[in-house]
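Let's walk through this model together, beginning at the ligand and then moving out to the way the chain is divided. Please have the viewer open as you read.

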Amino acid sequence: MILVLDEKITKEQKTEITSLLSDDGCIIREITDAGQNIIGIIAKNKRTAADYEQMKGVADVRSIKTSHKLVSRDFQSEDTLVRIGNVVVGGDRIVVIAGPCAVESHTQAMTIAKEVKRYGAVLFRGGAYKPRSSPYSFQGMEEEGLKILADVREKTGLGVVTEMTSPVQAQLMEKYVDVVQIGARNMQNFELLKCVGKMSKPVVLKRGLASTIQEWLMSAEYIVAGGNKNVILCERGIRTFEPYTRNTLDLSAIPVLKQLTHLPIVIDPSHATGIREKVSPMARAAIAAGADALMIEVHNDPDNALSDGPQSLYPEQFGELTRDLYVIAPVVGKQLDFDYLKKSEVIRQMNGGGKKIAAFIGENGDYSHKASLSYFGDDVTFLPMKSYRDIFNACASGSVEYGVIPVENSLSGSIHENFDLLQEYDLNIIGEVTIRIKHALIAHGDAQKNRIRTILASPPAFFQCKNFMDQFLGVEPQPVKANTSAVRQVKDSGDTTVAAIGSSMAADIFNLKVIEDSIEDNPRNFTRFAIIAKEYKGHKKVSKTSIVFSTGNEPGALFEVMKVFSTHKINLVKLESRPILGKPWEYMFYADLEADILSDTLAPMMAELKDKSEVLRILGRY
Ligand code: PEP
Ligand code: MN
C-alpha cells in the first residue's frame, strides 16, 4: 500500500504515522517519488485502506495490485539508480561489465581487466565460487580468487562483481568485492536471498534457468524486503526447446520489466547464447531494446579457459562490440561513455572536492539538460541558464565549473552563436556528447489527438516536425522560445485541447502524456554538444582536437593549411568559417581534427601549421 503524505504534514503527524505503522509490524519505506513524499508499506492486514485514509497528514492511499510490491513501478515510479563507486547502473550511461567466467590466476585476471577497461568496461566480472553442473569441473579459486579481484580493483580502478553461492561467504564478499551476483541456479535459494538482503553491497540477481518474470521479481522482492534496495536484474537466457543456442535470450523481458519494475536491467548475452559469434549481435540488440547494462564474458585465451571458453569474446572482439554500442546507444537516448571512469575521477579531484556545477541553456527537460545528464550522469549539479553568453560568463568567472553548449545539429547545421562565443572567451572544450533529438507531441492525460486545437513549440521544433504538423489542419501553431517552456505552458493551461512539441523527458517532468513520440520528419536528428570549462586536467588519451585559425588574405592560403593536414594524414571532421568581427570579408576557421595535435609525433605538423596560419588557438583536446 502507498500512503501519499499531505504537502503540509507536520513533523508530529509524520512521527505518529510511522510509529503506528511500525507497531503494526509493517515494512516501511519512505521515498520521494515524482515530487511527492510517500510512505510505502507492506501492511500486516491489521488495518484497511480506509483506516489509513483517516490518519491526519495522509492525503491519499493507493493499493499495489501486483504480488511483488517494493520492486513494483506502482510502488516507485522513478527508476532505481544503483551506485557502484563512480558507476551508476540505470541512468543515461550504459554500464558494461566484462571479464572472464572464472578468476583463474592473478595474471589472467589482471591481463583481461586491463584489456576490457581499455575497450570501455567500467566493472570487472570473474567468478571465485563457480556453481558447475559437474562436481569434477573447476570449482573456482574461492577466497584466493576474491583477493585477486580486490587487487584488480586496486590496480585498475574497476569495481568487481562476483558470484556468491552460500550465506557463509557473506563476510568475505563484504570485504573483497563491490557487487554480489546471485547465479541463475540460486535465484530461488531463499536463504541466500535473505542473506544478501541484509548485505551492504549491490546485488546482480540472475534470472533462473526456467523461471518466469513473476518468480524472478518475487526473488528480487526478498532482497529488497530484507533492506537492500540495490538490486540489478540480469537476464541470461532461459531454457527452451531450442538446442542451437545454450539458452534462449528473452529480450522481451526488457520492455516487460521496464513496465513492471523500477529496478535496472543487465543483459548477459554470453550465458544466453553460449557461442562466441552470437554474443555481439545479442548485445547490440539488448542495448537497442533498452537494457541499462551488459555483462560480457571476455578471455585472453579462451581455448584454454577453465570455464565457458567457447562463449568468451577475444578482447579485440569486445572492443569492436563497444564501438558498435557507442553508435547504437544515442538512438535509444543513451550513451556509451569511453571516458566514464576517468571523467568521474577528474570531476571529484577538481577544485578539491565538493559537488561541481554544470550550466546549460533552457530549463529541466530541455535537450541541453538531457545532454548534460548524458555526459555527467549525477556527478555534478545542473544549473539552467537563460542565454549562451550567460553560460560562458559563468564558466569564465568560475561560478560554475562546466558549460554544456550545442554546437551543431545533423539537420539544421551549426549553432553559430556558440562558435563566436568560443572565439571570444578564453575557455576550453573538454569533451563532447551527441544526443538524438526525438520530439514528442505532449498534452494532458485525458487529451485526445483529434481534439487538439493549439500546438506550442520552438521554431526549430516546428521546422523539424513539418510533415507531422501537416495532419493538423486548422490547428494553430504557436511559436514559443524553447521546447520545455512550451510543455510547461501546456501544463499551466490545464487545457486538454492544447499540446506541445518537446522531449518525452519534459513530459515526465511535468507529468503529462506523450500522445505520439518520434514525430520529427527525419529520425536522423542528432545534436552535438561541447562541454566547456576554464581548466581541465583529465584525458590522457586524446582522440580529438578543436582549433580555430585564420590565414592571410591571399590566394590559396586556406589550401596551404589543408595541405598540412593532408600531408600528415590527419582526418578533418569539421571545418566552419565565421566572419572576424570588425574585419569585413575576413574569416576565422574552426576545425575538428581526429588527432592529438600536441602529441610529440605531430610536432613537425604543428610547426608547419603555425607557419601557415596567422592566428592559431587550440580550443580543446579531448
Ligand atoms: C556466470 O555468470 O558465470 C554464471 C555462472 O552465470 P549463470 O548463473 O547465469 O549461469
Ligand atoms: Mn560463465
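Around ligand 1 you will find C101, R125, K130, E163, Q181, G183, A184, R185, K206, R236, H271 and E297, each with a heavy atom within 4 Å of the ligand. This is a predicted model, in which local features need pLDDT of at least 70 and side-chain atom pairs count only at pLDDT 80 or more, while totals for chains, interfaces and linings use all residues. Residues are numbered from 1 along each chain as its sequence is written, chains are lettered from A and ligands numbered from 1 in the order in which they are written, and side-chain values use heavy atoms, with hydrogens and water left out.

What is the make-up of the shell around ligand 1? It divides into 2 nonpolar, 3 polar and 7 charged residues; here Ala, Val, Leu, Ile, Met, Phe, Trp, Tyr, Cys and Pro count as nonpolar, Asp, Glu, Lys and Arg as charged, and the others, Gly among them, as polar.

Now look at the polar contacts (a pair of N or O atoms within 3.5 Å; within protein, one must be able to donate a hydrogen and the other to accept it, and residues adjacent in sequence count only if both atoms are side-chain atoms). The side chain of R125 places an N or O atom 2.8 Å from an oxygen atom of ligand 1. For R185, a polar side-chain atom is likewise 2.8 Å from a ligand 1 oxygen, and K206 has a polar side-chain atom 2.8 Å from an oxygen of ligand 1. On its own, ligand 1 has 300 Å² of accessible area, and the protein covers 96% of that (Shrake-Rupley method with a 1.4 Å probe; for residues, only the protein chains shown count as cover).

Stepping back, the chain is divided into domain 1 (2–62), domain 2 (92–311), domain 3 (340–437 + 526–533), domain 4 (440–517) and domain 5 (545–621), with bounds from an automatic or database domain assignment. Between domain 2 and domain 3 the count is 2 salt bridges (a side-chain nitrogen of Lys or Arg within 4 Å of a carboxyl oxygen of Asp or Glu). K370 forms a salt bridge with D92, their closest N and O atoms being 3.4 Å apart.
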